[in-house]
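This report walks through one protein model, element by element. Keep the sequence and the coordinates open while reading.

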Amino acid sequence: MFGIPGKQAVSITAKAEAQIAKLMAKDGHMGLRIGVKKGGCAGMEYTMDYVDEVDKNDELVEQNGARVMIAPMAQMFLFGTEIDYETSLLESGFKFRNPNVTDACGCGESIKFKDVEELQANAAAAKP
C-alpha cells in the first residue's frame, strides 16, 4: 500500500530477528503484525500481535527467518523504522527507532507522529 519499490518498509536488527523467530517458533505462529493505535499521553501507541496468516493488505518484511507484517493503516507511520530488541537489568523488549516520531511521553510507551501531509511529502520525495 505505502512504500518505495525495492526498499523494505522497516529494518530488523539481528537481536530483533532472533527474538521474533523465537516467538514464532514457540507456538507455531507465522509472524508478528505491528501497527499503531490511538492511546497514551502522546497520542499513539505501537501494537504487536501474533498472526497465523498474512492479510493481503499487510506489508510483509522477512529477514533471516523473522517475519513481520505491517498493518495497512500503520505503513505510512512506520516507514523507515528500525526494530530492535534490547535487554537490560530491569526490562527487555522491542524498541522502535522511528524517524517519523516527533515526540514521546516520558515513560516511552506512546508517541506522536509528523503530520500526515509531511509523511506523504517525504515519501514522494524519496521515490526514485
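## Conventions

Helices (H or I, at least four residues) and strands (E, at least two) are DSSP runs, numbered from the N terminus. The model is predicted, so local features need pLDDT of at least 70 and side-chain atom pairs count only at pLDDT 80 or more, while totals for chains, interfaces and linings use all residues. Residues are numbered from 1 along each chain as its sequence is written, and side-chain values use heavy atoms, with hydrogens and water left out.

## Helix 1

Helix 1 covers residues 14-27. The expected span of a helix is 1.5 Å times one less than its number of residues.

The buried residues of helix 1 are Ala16, Glu17, Gln19, Ile20, Leu23 and Met24. Buried means under 20% relative accessible area, exposed means over 50%, and partly exposed lies in between (1.4 Å probe, protein chains only). Gln19 sits in helix 1. Its relative accessibility is 15%, so Gln19 counts as buried. Contact here means heavy atoms within 4.5 Å. Setting aside residues up to four places away in sequence, Gln19 touches Tyr85 and Phe94.

## After the helix

Gly28 follows helix 1 and has a positive phi, near 70 degrees. His29 belongs to the loop between helix 1 and strand 2 (31-38). Is His29 buried or exposed? His29 counts as buried because its relative accessibility is 17%. Neighbours within four places in sequence aside, His29 contacts Leu23, Met24, Tyr50, Val51 and Asp52.

Two strands pair if DSSP finds at least two bridges between them. Strands of a sheet pair through backbone hydrogen bonds, either parallel or antiparallel. An open sheet of three strands has the order 1-6-7, with mixed pairing. Strand 1 (10-12) and strand 7 (92-97) are the edge strands, each pairing on one side only. Neighbouring strands of this sheet are turned by 25 degrees against each other on average, direction ignored.

Strand 6 (residues 81-87) and strand 7 run antiparallel, joined by six bridges. Tyr85 stands opposite Phe94 in strand 7. Both residues are the ones Gln19 touches, residues up to four places away in sequence not counted. Helix 1 lies across strand 1, strand 6 and strand 7, at about 75 degrees to strand 6. Axes are lines fitted to C-alpha atoms, for helices over the stretch in contact, and angles run from 0 to 180 degrees between N-to-C directions.

## Strand 5 and its partners

Strand 5 (residues 66-70) is mostly covered, with four of its five residues buried. Strand 2 runs parallel to strand 5, and three bridges join them. Leu32 has Val68 of strand 5 as its bridge partner.

Strand 4 (residues 59-63) pairs with strand 5 in the antiparallel sense, over five bridges. Glu59 is partnered by Ile70 in strand 5. The hairpin of strand 4 and strand 5 has two residues between the strands, and Asn64 there takes a positive phi near 45 degrees.

Gly80 lies in the loop between helix 2 (75-78) and strand 6. At 39% relative accessibility, Gly80 counts as partly exposed. Gly80 and Asn100 are 20 residues apart in sequence, yet their C-alpha atoms are 7.9 Å apart in space. Residues up to four places away not counted, Gly80 touches Ala9, Arg97 and Pro99.

## Salt bridges

The structure holds seven salt bridges. The criterion is a side-chain nitrogen of Lys or Arg within 4 Å of a carboxyl oxygen of Asp or Glu. Arg67 pairs with Glu62, the closest N and O atoms being 3.0 Å apart. Arg67 is partly exposed at 22% relative accessible area, and Glu62 is partly exposed at 46%.

Arg97 and Asp84 form a salt bridge at 3.1 Å, N to O. Arg97 lies in strand 7 and Asp84 in strand 6, so the pair ties together parts 13 residues apart in sequence. Arg97 is partly exposed at 36% relative accessibility, whereas Asp84 is buried at 10%. A network of salt bridges links Glu82, Asp84, Glu86 and Arg97. Lys95 and Glu91 also meet in a salt bridge, 3.6 Å from N to O. Lys95 is partly exposed, with a relative accessible area of 28%.
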